[in-house]
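Welcome to a short tour of one protein model. Keep the structure open beside you as you read, and take your time finding each part.

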Amino acid sequence: MAAKKSFFFYCFFIFFFICNAFSFAQESAFIWPQGKKMAISLSFDDARASQVDAGTALLDTYSVKATFYVQPPTVKNRLEGWKKAVASGHEIGNHSITHPCSGNFLWSRKNALEDYTLKQMREQLNAANNQIEQLLGVKPEVFAYPCGQTFVGRGKNTQSYIPVVANIFLSGRGWLAESPNDPSYCDMTQLTGIEMDGKDFDEILPLLKSAKKAGQWVVLAGHEMGSNGPQTTRLAMLKNLIEYAQDPANEIWIAPVGTVAKYVNEHRKIAE
């Protein structure tokens, strides 16, 4: 009798597991374009000079378009380079004007998020959009949170400025995240950004393989573009990554953040 009960519970467990696995697969299934199994977006912050001095040349060699989250003051340092990047089809995003972060970063103490209000943040982001449009002729649709921080104020007066970003932009990208984005679920104004600075391709490859199995969207985030140094995405790594992504056998769609975000939003509407 005990053996029959054990067998019954074993069968029930297997049945329950299979049903739930099937249900999860149904819920998490997402159809990427042209039969691709995942998406990658390359993004870079701060309008660093190395991005247009060396980085865009490599991307253009492979006809890969990236997202550059810029600040108007630093765009002016390489204005012609940024105009060329726009002409080449790269996406220009907003990264604020003054790059406000927590005052716990001593360099941001006089520009601390703890001292901001939602009104001040909204004004800064709109002003940045206007200045970028004046400089480059494009109005940003995507945003990256400076330092990946999404708050203003302190203590009981702390508020999220994610709703401000949601009212202005198509998407908002974070920083130093631990996982890719699930296209069927992710909040566009809280996209996870995974650091690629200082990494070799071998360190990023396992992430790509895992994301492919789950049909996810990997948004990689970097700063300088060169051979080495602090906060630097290595061009050698980038070359290997692009060649891997462009190999048809790997079934990867590589496109700017805004392009993927629009596709995901449209696909969600069709699925509803």
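Predicted model: local features only at pLDDT ≥ 70, side-chain atom pairs only at ≥ 80, totals over all residues.

How much space lies in the largest pocket? The answer is about 160 Å³.

Now let us turn to the helices.

| Helix pair | Angle between axes | Axes apart |
|---|---|---|
| H2 (residues 49-61) and H8 (residues 235-246) | about 20 degrees | 11 Å |
| H7 (residues 201-214) and H8 | about 30 degrees | 10 Å |
| H2 and H4 (residues 79-87) | about 35 degrees | 9 Å |

Start with H2 and H8, which pack at an angle of about 20 degrees. Angles under 35 degrees count as roughly parallel, so H2 is roughly parallel to H8. Is their crossing left-handed or right-handed? The crossing of H2 and H8 is right-handed. On the H2 side, the contact is made by Ala54, Gly55, Leu58 and Leu59, while H8 brings Leu235, Leu238, Lys239 and Ile242. Sorted by class, the residues of this contact are six nonpolar, one polar and one charged.

H8 also packs with H7, here at an angle of about 30 degrees. That angle makes H7 roughly parallel to H8, and H7 passes H8 in a right-handed crossing. Which residues of the two helices meet? From H7 come Phe201, Ile204, Leu205, Leu208 and Lys209, and they meet Met237, Asn240, Leu241 and Tyr244 in H8. The contact of H7 with H8 contains seven nonpolar residues, one polar and one charged.

Finally, follow H2 to its contact with H4, where the two helices pack at about 35 degrees with their axes 9 Å apart. The crossing of H2 and H4 is left-handed. Look for Gln51, Val52 and Thr56 of H2, which make the contact together with Gly81, Trp82 and Ala85 of H4. How do the residues of the contact of H2 with H4 divide by class? There are three nonpolar and three polar residues, and no charged ones.

Key. Residues numbered from 1 in each chain as written. Heavy atoms only, no water. Axes fitted to C-alpha atoms, helices over the stretch in contact; angles between N-to-C directions. Helix = DSSP H or I, 4+ residues; strand = E, 2+ residues; numbered from the N terminus. Parallel < 35°, antiparallel > 145°, perpendicular 65-115°, else oblique. Left-handed = near helix turned anticlockwise from the far one by under 90°. Contact = heavy atoms within 4.5 Å. Nonpolar A, V, L, I, M, F, W, Y, C, P; charged D, E, K, R; others polar. 1 Å grid on protein atoms, 1.4 Å probe; cavity = no way out; pocket = protein on both sides within 12 Å on 5 of 7 lines; lining within 4 Å. Points joined across faces, edges and corners; volume = space filled by probe spheres on them.
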